[in-house]
Amino acid sequence: MGSGNWIVDNLNSALGTWNGKLAEIWQLLSTTPEEFKGGTVWTVIQGINGALQAIGCALLVLFFVMGIVKTCGSFTEVKKPEMVFKCFIRFVLAQAAVTHGMELMTALFQVAQGMISTIMTASGLSVLTDTTLPAEMVTIIEDVGFLESIPLWAITLLGSLFIWVLSLIMILTVYSRFFKLYLATAIAPIPMASFAGQPSSSIGVAFLKSYAAICLEGCIIVLACVIFSAFASTPPAIVDDTLAAATIVWNYVGEIIFNMLVLVGCIKMSDRLIRELMGLG
């Protein structure tokens with residue numbers, strides 16, 4: 001319901017967009033890839049993963065042969081029972097990783113999802129606190145005359161634009177996490193095949209670390225949202241109500257945008273932070 005004041009309604013609309021995107025992120029963080037968009041995308045990814053398993057099995061043999069050539073100095077060494085057993089076990093495990101990689105990656109995601117659920121429960125937040133325009137600010141804006149309201153229009157337009165752009169960046173970052181999960185799951189049989197050879201196994205290890213990092217991004221994002229919710233629960237105070245209305249509104253909008261920038265920055269750097277913590281550079 002509009003207040004009848006264009007400046008107040010514009011600010012409320014911008015904050016409503018922000019709150020809506022924040023609530024959507026909170027919901028997305030508790031959504032599995034199988035549930036995302038009704039599971040249609042996950043079904044397609046499963047089909048691609050199954051189709052690439054044939055290529056993965058072919059690469060499995062190639063990596064296996066390359067590994068034997070590089071690790072064994074002569075054919076006599078290959079005939080040793082312990083070497084044959086070691087190569088056989090490596091090949092079997094690599095084949096299992098290629099054919100059952102989907103189950104392995106799903107299990108990794110479930111572990112990360114359990115951590116996200118634990119953080120949500122421990123925070124005590126069922127929903128995030130909405131950022132709202134204080135009643136004192138509404139009163140100050142509604143009491144200004146026509147000439148005094150002109151700079152408020154400019155401040156409102158600029159502030160609303162910033163809030164809208166930050167909302168878009170924030171939600172796109174969270175959606176990109178799902179796309180990275182889908183892309184990694186789809187091509188999983190290819191890097192998994194590298195486990196067949198000892199020299200090439202580092203490719204598979206790096207792939208699993210990267211996938212785990214994508215899953216753990218959700219933990220950083222949910223922590224950032226919880227911290228921002230604490231900020232939002234205590235809105236910026238009006239330090240001096242004797243100042244001009246434009247100055248008061250500018251101070252308020254500037255502090256709100258600063259808090260939003262902190263949250264968006266944390267969400268944007270969640271990928272880099274997790275990769276640094278896991279030693280992926």
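Author: Accessible areas here come from the Shrake-Rupley method with a 1.4 Å probe. The model is a predicted one, and the accessible surface of its chain comes to about 14,500 Å², of which carbon and sulfur atoms hold 69%.

Reader: How many helices and how many strands does the chain have?

Author: Read along the sequence, the chain follows the pattern α-α-α-α-α-α-α-α-α-α-α. The count that goes with this pattern is zero strands and 11 helices.

Reader: What share of the contacts between residues at least 6 apart in sequence joins residues at least 24 apart?

Author: The chain has 281 residues, of which 43% count as buried. Among its contacts between residues at least 6 apart in sequence, the share that joins residues at least 24 apart is 88%.

Reader: Which element gives the most to the lining of the second largest cavity?

Author: A search of the whole structure finds three cavities of 30 Å³ or more, and about 40 Å³ of space lies in the second largest cavity. Its lining is made up of Leu-11, Leu-15, Leu-133, Ile-163, Tyr-252, Val-253 and Ile-256. The one that gives the most, with three residues, is helix 10.

Reader: At what angle do helix 1 and helix 6 pack?

Author: Two packed helices are described by the distance between their axes and by the angle between those axes. On the side of helix 1, Ile-7, Val-8 and Leu-11 take part, and they meet Val-138, Ile-141 and Glu-142 in helix 6; the residues of this contact divide into five nonpolar, no polar and one charged. The axes of helix 1 and helix 6 (residues 135–142) are 9 Å apart, and the angle is about 145°.

Reader: Is Trp-6 buried, partly exposed or exposed?

Author: Trp-6 is found in helix 1, where it touches Trp-153, Thr-156 and Leu-157, leaving aside residues up to four places away in sequence. The C-alpha atoms of Trp-6 and Ile-141 are separated by 9.9 Å, although these residues are 135 residues apart along the chain. Because its relative accessible area is 44%, Trp-6 counts as partly exposed.

Reader: Is Ser-167 buried or exposed?

Author: Ser-167 lies in helix 7 (residues 146–186). Leaving aside residues up to four places away in sequence, Ser-167 touches Thr-17, Trp-18 and Lys-21. A residue is buried when its relative accessible area is under 20%, and because the value for Ser-167 is 1%, this residue counts as buried.

Reader: What is the phi of Lys-37, and is the residue buried or exposed?

Author: Lys-37 has its place in the loop between helix 1 and helix 2 (40–71). Most residues other than glycine have a negative phi, whereas the phi of Lys-37 is a positive value, near 55°. The cut-off for exposed is over 50% relative accessible area, so at 56% relative accessibility Lys-37 counts as exposed.

Notes. Residues are numbered from 1 along each chain as its sequence is written. This is a predicted model: local features need pLDDT of at least 70, side-chain atom pairs count only at pLDDT 80 or more; totals for chains, interfaces and linings use all residues. Side-chain values use heavy atoms; hydrogens and water are left out. On a 1 Å grid over the protein atoms alone, a cavity is a set of points where a 1.4 Å probe fits but cannot get out, and a pocket is an open set with protein on both sides within 12 Å along at least five of seven lines; lining residues have an atom within 4 Å of a point. Grid points are joined across faces, edges and corners, and a volume is the space filled by probe spheres set on the points. Helices (H or I, at least four residues) and strands (E, at least two) are DSSP runs, numbered from the N terminus. Axes are lines fitted to C-alpha atoms, for helices over the stretch in contact, and angles run from 0 to 180 degrees between N-to-C directions. Contact means heavy atoms within 4.5 Å. Ala, Val, Leu, Ile, Met, Phe, Trp, Tyr, Cys and Pro count as nonpolar, Asp, Glu, Lys and Arg as charged, and the others, Gly among them, as polar. Buried means under 20% relative accessible area, exposed over 50%, partly exposed in between (1.4 Å probe, protein chains only).
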